[in-house]
Amino acid sequence: MSEEFHILLVEDSPTDVKILERALREAGVHHRLTVIHDGSHALEFLANVRDSETFDQEVPDLILLDLNLPGLDGGQVLAGIKSDVYLRSIPVVVLTTSRREDDVAMMYATGANTFIEKPSEYPRYCDLVATLELYWREVAVPPPRRRPKS
Amino acid sequence: MDKPFDKYLRPAIGTTHQRYALLVGQGVCWIAVVVTAIETNPSRHATYLACLAVFGQCLFALSLWLSDRRSQAEQARQIAGRVNAILDKRGTPTTRSTGNLFLDESLARAEQTISALRVSSSNRYIEPIGFGDSVEIDLRGHLQNAMTKSGMYDPTSALDGLADDSIVVGEKSTSDMVNRLDPRTLHWIESSPAEQLFLGWSLKQLRDKSFLEIIHPDDRDLAREQLRTALAKGEAHGLIYRVKNSRGESKAIQVNVGVRTGPNRSGVTHLRCHITDVTAKVRASRELRRRTRELTLVNQQLRAANRELEELKDRYSDLYQNAPALYFSLDAEGRISECNNTLLSSLGYRRDELIGKSYAELLPPDHRPNFRERFAEYRKEGQVEVEGLWIKANGEVINVFVTGTAVLKPDGTILRSRSVAQDVTARHALEAAFRDKNQRLGVANAELSRKIKELDEFSHVVSHDLKEPLRTLTSFSDFLISDYGDRLDSVGKEYVQYIVEASRRMRTLIEDLLELSRAGKVTADLRCVKLDKVLGVVKADLGELVRSTGAEIEIEVALPEVWGDRDRLVQLFMNLVSNGLKYNRDKAPKVSVREVPSTLAGMVTIVVQDNGIGIDPQFHSRVFQLFRRLHTREEYEGTGAGLAICQKIVQAHGGNLWVESELNHGSKFFVQLSRPQDGRES
């Protein structure tokens, strides 16, 4: 079992990716970051993880999901994740620019664990990341990594 | 020979006494002539003449005596005949008595005399019972007596006058009221039984009374006058007086008076009055007069009522004819039986053009076939309400709304209709225009809503989409500084600084835009919001700022409740209070929030007062405009959207926002919001 905090980031903007990476680094989070720029690829990836032998090692501890994705949008990705028996336990934090009430409601209804608005200033990004890690790694009891029975 | 003698000569000769005296005188004369002749020894011719004259004279005397005797017999026979007739009618007194002893006695004596006479009258000559006249007188006297008492005798006949002696016979005589009055005292002398019965007094009592006594006091003077006149004239007819009899009954009598004089016109002996009870007649005539008066009155009333009716008729006629509605009536076959003037003038027809025509004539030709069916329905229902088209005389078609009810005959069949039509063309046109306008408004509204939504969408999307590059800008500018700051010279750093600041500004602008677009969106879920709580949140949020600047926020206790969106209201007051603290150079900045009396019913007014820099009155409206700032960036930061957002929030709540302020004297921002609606819970 790895000590790394495996984060799956589904985000299409390269700059936002860079910002998050930097934030994670500066926050001193011991992490492993998987970045997927596309919604359908993300689902594919997760499906593969689910079906692989190394599920326990591969499965992310946290999914950071942006809603503004090309092709399949964030909502659909979320739905895809949360409808899968084995994948739905993975905590999903919707991290997006929009704060629209409709979006918020919809995401929670679909099963998002948390909805967070992307901070507009970098320092806050750092705080956010640190908080997320703290919460999902230390505070909350994470879901057990159990490989789905084949 | 005796007839002409009776007729002409006897009257000339006079009474019987006179006649015999004449005869005797003639006889004496002739005897004297004869004696003279014998004495003087005349010639033979003279002697013969004288003897002839004497013979003639004796014949004359004889015939006179015979005729007298005959006439007496004749009269006696006449009397006898009449008396017989009376008695025959009455029956013999011996078998039928009147009940009156005196009368019966008289009648008995009369009967004796009559039977004697009767027997005698069968003879050619009458045995003189006594001296002719006295017999007659005696007989008559008895008879009169008897007949007066019995009421059979009508003493209009003169006691002396042998001429028109009329003894009235039969029923009339029994019921007539006749009397004889003393001409001076007017006391009764004789009175018929009928009169005595009528008056209620006996003849004895009447003899002590004057005729005037029974007469009504008011009529007495008149009566006296009239009777006096009668006395003078000899008669009077139709005198009518009110009288009262012994029983106290008031009656009215009509009196015919005749004056009777004595024999040989020797002065007035009595007044003979024939009385008729005209009470009924008088009453009848009085009644008639009364009725006539009544009738006249009734007539007048009728005329007056008639006049009123006429007026009423005219009034109602006018109301009907000129009413501001089209009245008409249809008969049982659907023909127009009448219509008012308004209808005629509205449609442009003359009365004769419409009356009697079928209602269908008013409809446009293509609508006419329907009429039969509709009319049948109306006949069944008894009423109808229909909108349709009519055609005017000039061919113009108008919309009408027709209502009609049926008037039924007693047997339940339709007599006629009461119908009214209203020209609704104008209304229709108006309605059509209205609908059209409504529709256009609807379309415009929809368009507007769409545009607004689009705009909101746009601003939202744009803001969000802008945020990302903005984030990149700000973040990487920071990275640039932190990572490569040492490799930049001061100018380079300055440039980067500009970039950073600009990005920040852009971000704020975008955030404000976003806030603004959010501000207008008041949630549909309005409810009762406690301002105490709202201001509590604001105070808490500004806690840090308050501590760092040494400011004070004073919230009045027990702020009212309002109706609205809690989040938006928090935003509103946050903006206002923070503004009050921001635009403030006072050593002890203070913002107070309290309620003030509201001028509008159903509204709550809150004032956010600060001791800040104030606002020049000329800018009072400008401060609420979006992005319009009154100060430079160096003086105060901010995009100038705060108050615009507040305004939008308040407007979305249906309230009001305004400011009272003077430069350097602080500001008062007034917020007016609705009170919670009844019956709704928070």
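A: Let's start with B:Ala558, which counts as exposed because its relative accessible area is 58%, and the cut-off for exposed is over 50%. Keep in mind that this is a predicted model. B:Ala558 sits in the loop that joins strand E12 (552–555) to strand E13 (561–564) of chain B. Its backbone is worth a look too: phi is near 60 degrees, a positive value in a residue other than glycine.

Now step along to strand E13, on one side of that loop. B:Glu561 makes a salt bridge with B:Lys530, and the closest N and O atoms are 3.2 Å apart. This pair ties together distant parts of the chain, with B:Glu561 in strand E13 of chain B and B:Lys530 in strand E11 (residues 527–530) of chain B, 31 residues apart.

B:Asn664 counts as exposed, since its relative accessibility is 59%.

On to helix packing. Two packed helices are described by the angle between their axes and the distance between the axes. Here, the axes of helix H19 (residues 566–582) and helix H20 (residues 642–652), both of chain B, come within 9 Å and cross at roughly 145 degrees. The crossing of H19(B) and H20(B) is left-handed. If you want to find the meeting surface on screen, pick out B:Arg568, B:Gln571, B:Leu572, B:Asn575, B:Leu576 and B:Asn579 on H19(B). They meet B:Gly642, B:Leu643, B:Ile645, B:Cys646, B:Ile649 and B:Val650 on H20(B).

Back to charges for a moment. Side chains of opposite charge can pair when their charged atoms come close. Over all chains, a search of the whole structure finds 34 salt bridges. One of them joins B:Glu431 and B:Arg427, at 3.7 Å from N to O. Both residues lie in helix H15 (residues 425–484) of chain B, 4 residues apart, or about one turn of the helix. B:Glu431 is partly exposed at 35%, and B:Arg427 is partly exposed at 42%.

Another bridge runs from B:Lys392 to B:Glu396, with the closest N and O atoms 3.8 Å apart. Here the two ends fall into separate classes: B:Lys392 counts as buried because its relative accessibility is 19%, and buried means under 20%. B:Glu396, at 40%, counts as partly exposed.

Elsewhere in chain B, B:His367 lies in the loop between helix H13 (351–354) and helix H14 (368–381). B:His367 is partly exposed, with a relative accessible area of 27%. Its C-alpha atom is 8.9 Å from that of B:Gly388, a residue 21 places away along the chain.

There's also a greasy spot on the outside. B:Phe55, B:Leu59, B:Leu62, B:Trp65 and B:Leu66 form a nonpolar patch on the surface, with about 510 Å² of accessible area together. B:Leu62 belongs to helix H3 (residues 44–90) of chain B, and B:Leu62 is partly exposed at 46% relative accessibility.

What about chain A? A network of salt bridges links A:Glu11, A:Asp16, A:Asp66 and A:Lys118 with B:Arg471. Chain A has 6 helices and 5 strands, following the pattern β-α-β-α-α-β-α-β-α-β-α along the sequence. Of its 150 residues, 47% count as buried. Among the chain A contacts with a separation of 6 or more, 69% come from residues 24 or more positions apart. The accessible surface of chain A is about 7500 Å², and 50% of that belongs to carbon and sulfur atoms.

A:Glu133 is a buried residue, because its relative accessible area is 15%. Leaving aside neighbours within four places in sequence, A:Glu133 is in contact with A:Phe5, A:Val29 and A:Glu138.

Key:
Residues are numbered from 1 along each chain as its sequence is written. Chains are lettered from A and ligands numbered from 1 in the order in which they are written. This is a predicted model: local features need pLDDT of at least 70, side-chain atom pairs count only at pLDDT 80 or more; totals for chains, interfaces and linings use all residues. Side-chain values use heavy atoms; hydrogens and water are left out. Patches are made of residues with over 30% relative accessible area and no salt bridge: like charges are joined within 9 Å, nonpolar side chains (Val, Leu, Ile, Met, Phe, Trp, Tyr) within 5 Å. Accessible areas come from the Shrake-Rupley method with a 1.4 Å probe; for residues, only the protein chains shown count as cover. A salt bridge is a side-chain nitrogen of Lys or Arg within 4 Å of a carboxyl oxygen of Asp or Glu. Helices (H or I, at least four residues) and strands (E, at least two) are DSSP runs, numbered from the N terminus. Buried means under 20% relative accessible area, exposed over 50%, partly exposed in between (1.4 Å probe, protein chains only). Axes are lines fitted to C-alpha atoms, for helices over the stretch in contact, and angles run from 0 to 180 degrees between N-to-C directions. A crossing is left-handed if the near helix is turned anticlockwise from the far one by less than a right angle, and right-handed if clockwise. Contact means heavy atoms within 4.5 Å.
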